[in-house]
Amino acid sequence: MLNDTERETRLLMGNEIFAHAALEAGVNVVAGYPGTPSSELIETVARLRAQGCAEGVHVEWSTNEKAALELLSGAAYCGARVLFTCKQMGLNVAADALLSLNYVGVKGGTVLFVADDPGPISSQTEQDTRRFAAFAKVPVFDPTTPDEGFAMMKAAFELSERYGTPVIVRPTTRICHASTFISVAKHTVARPLPPEGFERSSRWIIFPKRSFEAHGEVNARLAEMAEVFSKEPAYTCFNKAIEGGGESACGAGDTHGASVEAPTLGIVAGGVSASYAKEALCLIEETAAREGMNVPPYRFMAVGTPYPFPASAAGEFLAGLHDVLVFEELDSVLEEELMKVAGAKKLPVTIRGKLSGEARDRGENTTTDIALRLAAFFDGESGETCDVTRDAIHGTLTALLQQTVGADALIPAAENVPIRPPVLCAGCPHRGSFYAVKQAIGLLRKKARKDNPNAPALEAVFCGDIGCYTLGNAAPLEAIDTCLCMGAGITQAQGFSLAEPRKKAIAFVGDSTFFASGMTGVANAVYNNHDITIVVLDNSTTAMTGTQPHPGTGVTMMGTRSEPIEIDEVLEALGVTCIMRANPYELDEAVEAAEIAIAFEGPSALIYKAPCIQISKPAPPAEIDADCCTGCRRCITEIGCPAIGFRPDAKGPKSADRGLAFIDDTLCTGCDLCVQVCPFKAIVSHEQLAGNGSSGTSSSEGGANR
Ligand code: SF4
Ligand code: SF4
């Protein structure tokens with residue numbers, strides 16, 4: 001235990017707190033693949049290590065989740081404590097390794113930090129890692145607050161080593177991104193590895209006979225863990241039950257509100273929903289007290305170890321209850337487990353929740369929603385002793401929030417905030433890439449018609465992938481037709497080329513995704529000679545998740561430089577014979593390269609390379625020459641850069657009543673794509689401005705003078 005002088009209280013984000021907890025647990029190796037809402041954990045470990053606050057730890061972004069978990073398993077076989085990080089869908093990529101690893105077992109503590117995304121806010125699916133844990137037969141912790149997550153991370157390492165099992169810690173977005181004050185060690189040192197290191201044994205080799213034995217061992221240890229989660233204080237602290245309501249004051253969250261009457265109503269919640277439910281219960285009790293009413297006595301349980309489910313503790317909780325309402329995000333995991341316990345013990349209790357339609361079946365929960373549902377639950381129980389109505393609860397919540405954050409906070413977001421669909425950033429190099437490919441298809445179509453007026457028009461299908469460039473689907477670019485999962489664009493394009501060979505199948509893939517999951521698809525295209533064009537949008541970073549490095553950047557999370565892997569060399573080594581390269585900001589060059597790659601029969605590649613604007617210095621903004629602008633709007637309808645706006649009432653010598661375009665110089669990065677798109681040379685680049693002096697009457701907006 002560290003003394004006070006070795007600790008400090010800091011305001012930290014949930015993911016930073018998880019990082020501190022792992023470091024305090026002596027973690028030796030941390031690896032993962034970026035994905036919202038999980039990414040900040042590895043970045044925090046790397047930062048603390050670089051600052052000299054975390055000694056002896058190795059940290060890296062691996063090429064993908066499978067690579068990360070396999071690397072970590074090797075270190076864990078030697079006795080190292082290891083931490084894996086990813087978002088929920090990343091676990092799908094690592095699933096092959098995880099399911100076998102659980103049978104093989106581990107020596108050093110092996111914790112998988114898998115962040116779920118209810119909503120979803122930045123994911124393709126709302127899959128529930130608690131379900132995945134049960135499928136993989138791996139125990140899972142589900143923190144209700146960042147502070148509890150801090151304790152759970154340490155407990156997870158202990159549990160992993162006690163049973164030789166991987167353990168999952170599964171926070172959701174609001175736990176990952178909430179901030180709180182917490183005491184953390186100022187300096188940590190990775191735990192020394194056991195002197196014997198890796199011990200050769202047949203246990204590390206997953207033969208079928210050993211798998212059969214191991215399956216039995218996994219089942220036995222899960223049954224034991226379910227009891228441990230019900231009975232050992234080190235773990236029952238995560239599955240706390242309290243009582244409230246009746247003659248008491250606010251009882252949620254402590255025991256002073258224990259009722260004198262035996263409760264017949266129960267509330268069970270998991271993850272952040274448990275915190276919301278506690279807040280909701282306090283709101284209800286405060287409202288009832290103000291009105292001189294009583295809330296019916298109730299029993300409340302937060303379940304922090306959903307798998308293996310603490311059935312004994314749940315059985316004790318259910319005794320004497322006749323109605324239980326369950327709040328959890330994503331799947332009905334707790335609801336189903338409680339039903340199993342009630343059925344096995346033949347308890348006369350009704351379990352309600354998602355399956356009964358009394359809780360949200362998807363997306364995130366909120367305190368307001370839970371308070372309203374609980375009010376209805378209590379009203380339904382005893383209308384005479386508690387007439388806390390939906391309106392009363394909402395009125396109280398409204399009053400409370402109005403006092404603290406103002407009335408606007410209560411207006412639903414859809415009414416309060418203008419809808420702003422996500423778009424590629426102003427100056428994003430992907431805009432030029434998409435535009436060039438579509439221009440090239442148009443030119444190839446024209447050429448084909450010229451050669452043979454009866455030839456069918458060239459059509460194309462655009463297979464997208466996971467990253468910022470999925471936003472290329474939006475108007476006016478409309479350059480993404482599909483998006484499935486990491487790396488799928490390249491392989492999906494091959495399916496399109498088989499099913500609809502008259503269309504040219506074009507796959508867009510980012511540089512990080514190329515290394516993570518794209519290379520096997522390229523090998524398949526070459527091996528089977530599929531007629532596709534792979535467009536690599538190389539912006540030299542993993543932009544979508546916060547500009548993390550990858551094998552093509554030549555930078556590691558340990559602060560060392562490595563030789564960057566060149567994507568064109570990989571493509572060449574995999575057998576792609578037609579590889580074009582171009583700068584997506586140079587429109588003529590980009591279109592010409594696309595024409596050659598798309599016209600090639602067989603697998604071809606086109607690499608558009610220009611750095612993400614988040615990692616490059618912007619150039620001075622372009623300007624619109626109001627004397628030349630005709631108000632044709634081509635700059636808006638062709639490329640859709642958010643820095644370009646339009647004033648319909650403005651007049652110029654050539655625009656008549658059509659209005660004038662303008663450039664917001666606070667957004668413009670001076671990429672000059674629009675300069676090349678305007679057919680009337682009305683957009684002037686910073687270089688032209690510097691060379692020619694004044695460009696006439698400029699039409700710009702924004703405050704910055706550059
Ligand atoms: S130069 Fe044009 S396309 Fe580039 S960021 Fe500025 S307004 Fe947008
Ligand atoms: S700047 Fe050029 S493209 Fe845009 S409206 Fe004016 S003339 Fe048309």
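Helices in this tour are DSSP runs of H or I with at least four residues, numbered from the N terminus. With that convention, Ala 21 is assigned to helix α1, which covers residues 14–24. The model is a predicted one.

**Whole chain**

Display the entire protein chain before selecting any part. The chain contains 23 helices and 25 strands. It has 706 residues, of which 54% count as buried. Consider next the contacts between residues at least 6 apart in sequence: 77% of these join residues at least 24 apart.

**Stop 1: helix α1 and Ala 21**

Select residues 14–24, the extent of α1. How many of the residues of α1 are buried? The count is 10 of 11, and the helix is thus described as mostly covered. The buried set consists of Gly 14, Asn 15, Glu 16, Ile 17, Phe 18, Ala 19, His 20, Ala 21, Ala 22 and Leu 23. Beyond the helix, select Gly 26, which follows α1 and has a positive phi, near 85°.

Now centre the view on Ala 21. Its relative accessible area is 0%, and because buried means under 20%, Ala 21 is classed as buried. Which residues does Ala 21 touch, leaving aside those up to four places away in sequence? They are Phe 150, Met 153 and Lys 154. To follow one of these, draw a distance between the C-alpha atoms of Ala 21 and Lys 154: the separation is 6.2 Å, although the two residues are 133 apart along the chain.

**Stop 2: helices α6 and α8**

Select residues 146–163 for α6 and residues 208–231 for α8. The axes of these two helices come within 12 Å and cross at roughly 140°. This angle makes α6 oblique to α8, since only angles over 145 degrees count as roughly antiparallel. The crossing of α6 and α8 is right-handed.

Show side chains at the contact. From α6, the residues involved are Leu 159, Arg 162 and Tyr 163; from α8, they are Arg 221, Glu 224, Met 225, Val 228 and Phe 229. Coloured by class, this contact comprises five nonpolar and three charged residues, with no polar ones.

**Stop 3: helices α3 and α4**

Select residues 65–77 for α3 and residues 90–104 for α4. Their axes come within 7 Å and cross at roughly 25°. The two helices are therefore roughly parallel to each other, the cut-off for that term being under 35 degrees. The crossing of α3 past α4 is right-handed.

At the contact, α3 contributes Glu 65, Lys 66, Leu 69, Glu 70, Ser 73 and Tyr 77. Facing them in α4 are Gly 90, Val 93, Ala 94, Asp 96, Ala 97, Leu 98, Leu 101 and Val 104. By class, the contact of α3 with α4 has eight nonpolar, two polar and four charged residues.

**Stop 4: Gln 88**

Finally, select Gln 88, in the loop that connects β5 (82–87) to α4. Is Gln 88 buried or exposed? It is buried, with a relative accessible area of 0%. The side chain of Gln 88 reaches the backbone oxygen of Thr 125 at 3.0 Å.

Technical notes. Residues numbered from 1 in each chain as written. Chains lettered and ligands numbered in written order. Predicted model: local features only at pLDDT ≥ 70, side-chain atom pairs only at ≥ 80, totals over all residues. Heavy atoms only, no water. Axes fitted to C-alpha atoms, helices over the stretch in contact; angles between N-to-C directions. Parallel < 35°, antiparallel > 145°, perpendicular 65-115°, else oblique. Left-handed = near helix turned anticlockwise from the far one by under 90°. Contact = heavy atoms within 4.5 Å. Nonpolar A, V, L, I, M, F, W, Y, C, P; charged D, E, K, R; others polar. Buried < 20%, exposed > 50% of the residue type's maximum accessible area, 1.4 Å probe, protein only. Polar contact = N/O pair within 3.5 Å; in protein donor to acceptor, adjacent residues only side chain to side chain.
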